[in-house]
Amino acid sequence: MLSVLDIFRIGIGPSSSHTVGPMRIGGMFVRSLTRGGRLDRVARVTVELQGSLALTGVGHGTVDASVLGLAGFVPEETCPDDAAAALLRIRDAGTLALGGEHPIGFDIAQDIDLAGHILPELHPNGMKLVASDAGGEVLLKRTYYSTGGGFVASEAQLKRKPEGDRVATGTSVPHDFGSAEELLAICAGTGLSIADIVLANEDAMRPREATLAGIDRIAEAMDQCIDRGLHQRGTLPGGLKVARRAPDLWDKLSANPQSNEREQLFDWLNCFAMAVNEENAAGGRVVTAPTNGAAGIIPAVIRFYCEDEGARCTDKRRTFLLTAGAIGLLYKQRASISGAEMGCQGEVGVACSMAAGGLAALWGASPAQVACAAEIGMEHNLGLTCDPVGGLVQVPCIERNAIGAVKAVNAARLALHRTEAETCVSLDQVIETMRQTGLDMSSKYKETSQGGLAVNVIEC
């Protein structure tokens with residue numbers, strides 16, 4: 001099993017697959033050079049960004065992320081201001097210190113190739129790196145893939161054949177599940193909740209205290225992102241001139257917090273979700289949940305429903321994130337959370353499904369009702385395309401997170417009014433449908449900015 005702490009990763013915006021993934025790949029490549037004793041001989045490194053990484057690479061920050069990864073920056077620990085200063089130094093000096101240690105000449109325009117015409121067979125987000133010595137001899141050549149949510153894989157890993165009906169990954173755990181059906185059977189056999197099952201599995205990976213600390217750290221990072229987004233004003237970078245809206249909405253809501261207007265629920269969820277995704281669009285510090293493009297949905301629902309008179313409830317947040325994480329694991333293992341593979345149904349759709357399941361658990365739903373909530377959350381996002389205007393994670397991405405948060409709450413409500421016998425579509429069936437839909441979807445609607453809004457909206 002993978003860990004829920006793999007599903008929720010702290011990184012920087014605007015994209016987990018296009019920013020966090022390439023940054024991690026750059027670091028992996030440098031570590032391979034170091035392990036092989038070849039780092040000191042390197043005189044040049046070239047990067048070829050393929051497929052979706054190239055087609056929306058500039059707007060998604062892929063070029064800068066690749067440079068930062070080679071320079072030793074780690075997504076979880078990167079301060080956006082420090083990263084911007086480092087990129088400026090590298091551009092001005094024309095040199096880059098690999099891993100922060102070994103300086104080489106580096107011209108971003110020449111040494112990073114946006115090869116959008118190359119569409120890799122294994123995954124749309126391909127990244128080939130080549131290191132050479134002063135005489136031009138190739139010291140190391142590797143191809144990696146950014147597979148969504150900050151996950152990365154080597155060529156050999158993606159070519160590995162499944163064992164039975166799944167690819168063996170992660171750690172052996174006491175309650176192994178590869179489907180929702182298996183997970184619900186474990187819950188029925190043990191009497192444990194989904195959150196308890198996940199926590200028991202996490203115990204096989206690290207001490208429980210460390211897992212809970214990790215969950216709390218994720219929740220805190222989500223809170224910090226919302227708080228920053230509520231107070232940062234101005235226009236988002238990239239040229240679309242999209243203005244931040246969350247601060248103004250926050251001011252209106254704060255001025256009238258006790259309003260009896262029922263529809264104000266939408267305003268609160270919209271405000272929190274947009275705060276996160278405006279931060280993401282600005283390259284701020286966010287949590288992949290399960291991706292950066294869909295990072296606002298889960299934090300928004302948690303902020304609204306996991307507070308008691310202004311106090312943030314740790315136990316509620318843990319239950320929510322453990323349950324949502326279990327659902328995210330199912331999508332990651334049975335389909336994909338990559339917009340370049342699945343379209344936005346694999347990002348906002350999955351986040352909506354995760355949030356619906358987490359909230360249902362918080363409201364006392366049975367494991368079967370949690371799965372029903374998750375199914376409803378995805379069922380009404382099937383076919384959702386990823387067609388960002390200008391290749392930026394702004395339009396329609398920011399508002400789409402706001403809509404997804406509201407939809408997740410409604411999905412949880414609908415599930416609580418259902419019995420297991422009334423459920424026509426299972427969570428496994430909707431995950432498989434999402435996978436098939438993603439495979440059938442034209443590539444121009446999958447994070448390439450070659451169709452949909454991206455071509456019909458020239459400027460905002």
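Trainee: Starting with Lys-241, is this residue buried or exposed?
Mentor: Lys-241 is exposed, with a relative accessible area of 69%. Bear in mind that this is a predicted model.

Trainee: Where in the chain does Lys-241 lie?
Mentor: In the loop between α10 and α11. Its phi is positive, about 60°, although Lys-241 is not a glycine.

Trainee: And what about the phi of Glu-447?
Mentor: Glu-447 has a positive phi of about 60°, and it is not a glycine either. You will find Glu-447 in the loop between α19 (427-440) and α20 (453-456).

Trainee: Buried or exposed, that Glu-447?
Mentor: Buried. Its relative accessibility is 2%, and the cut-off for buried is under 20%.

Trainee: Change of topic. Which domains does the assignment give?
Mentor: Domain 1 covers 18-146 and domain 2 covers 180-445, according to the domain assignment of the protein. Taken over C-alpha atoms, the centres of domain 1 and domain 2 are 31 Å apart. Domain 1 puts 13 residues into the contact and domain 2 puts in 11.

Trainee: How much area do domain 1 and domain 2 bury between them?
Mentor: About 800 Å², with 58% of it on carbon and sulfur atoms. On the side of domain 1 that touches domain 2, the residues divide into 4 nonpolar, 7 polar and 2 charged.

Trainee: How many salt bridges are there between domain 1 and domain 2?
Mentor: The count is 0. For residue pairs in polar contact between domain 1 and domain 2, both at pLDDT 80 or more, the count is 5.

Trainee: How many salt bridges does the model have by this rule, then?
Mentor: The count comes to 23. One of them joins the side chains of Arg-41 and Asp-133, at 3.7 Å from N to O.

Trainee: Which parts does the pair Arg-41 and Asp-133 tie together?
Mentor: Arg-41 lies in the loop between α2 (16-35) and β2 (44-51), and Asp-133 lies in the loop between β6 (125-132) and β7 (138-148), so the pair ties together parts that are 92 residues apart in sequence.

Trainee: Is Asp-133 buried or exposed?
Mentor: Asp-133 counts as buried, at 15% relative accessibility. Arg-41 is partly exposed, with a relative accessible area of 43%.

Trainee: Which residue does Arg-318 meet in a salt bridge?
Mentor: Asp-216, at 2.7 Å from N to O. Arg-318 is in helix α14 (residues 314-334) and Asp-216 is in helix α10 (residues 208-229), so this pair ties together parts 102 residues apart in sequence.

Trainee: New topic: where is Gly-283 found?
Mentor: In the loop between α12 (264-281) and β9 (285-288). Gly-283 is buried, with a relative accessible area of 16%.

Trainee: What is Gly-283 in contact with, leaving aside its neighbours within four places in sequence?
Mentor: Ile-12, Gly-13, Pro-14 and Pro-80. As for Leu-88, 195 residues from Gly-283 along the chain, the C-alpha atoms of the two are separated by 15 Å.

Trainee: What kind of peptide bond joins Gly-13 and Pro-14?
Mentor: A cis peptide bond, with omega about 10°. Pro-14 lies in the loop between β1 (9-12) and α2.

Trainee: And what is the peptide bond from Val-395 to Pro-396?
Mentor: It is cis, with omega near 10°. Pro-396 is in the loop between α17 (367-379) and α18 (397-416).

Note on methods: Residues numbered from 1 in each chain as written. Predicted model: local features only at pLDDT ≥ 70, side-chain atom pairs only at ≥ 80, totals over all residues. Heavy atoms only, no water. Domains from an automatic or database assignment. Contact = heavy atoms within 4.5 Å. Buried area = accessible area lost by both parts, 1.4 Å probe. Salt bridge = Lys/Arg side-chain N within 4 Å of Asp/Glu carboxyl O. Polar contact = N/O pair within 3.5 Å; in protein donor to acceptor, adjacent residues only side chain to side chain. Nonpolar A, V, L, I, M, F, W, Y, C, P; charged D, E, K, R; others polar. Helix = DSSP H or I, 4+ residues; strand = E, 2+ residues; numbered from the N terminus. Buried < 20%, exposed > 50% of the residue type's maximum accessible area, 1.4 Å probe, protein only.
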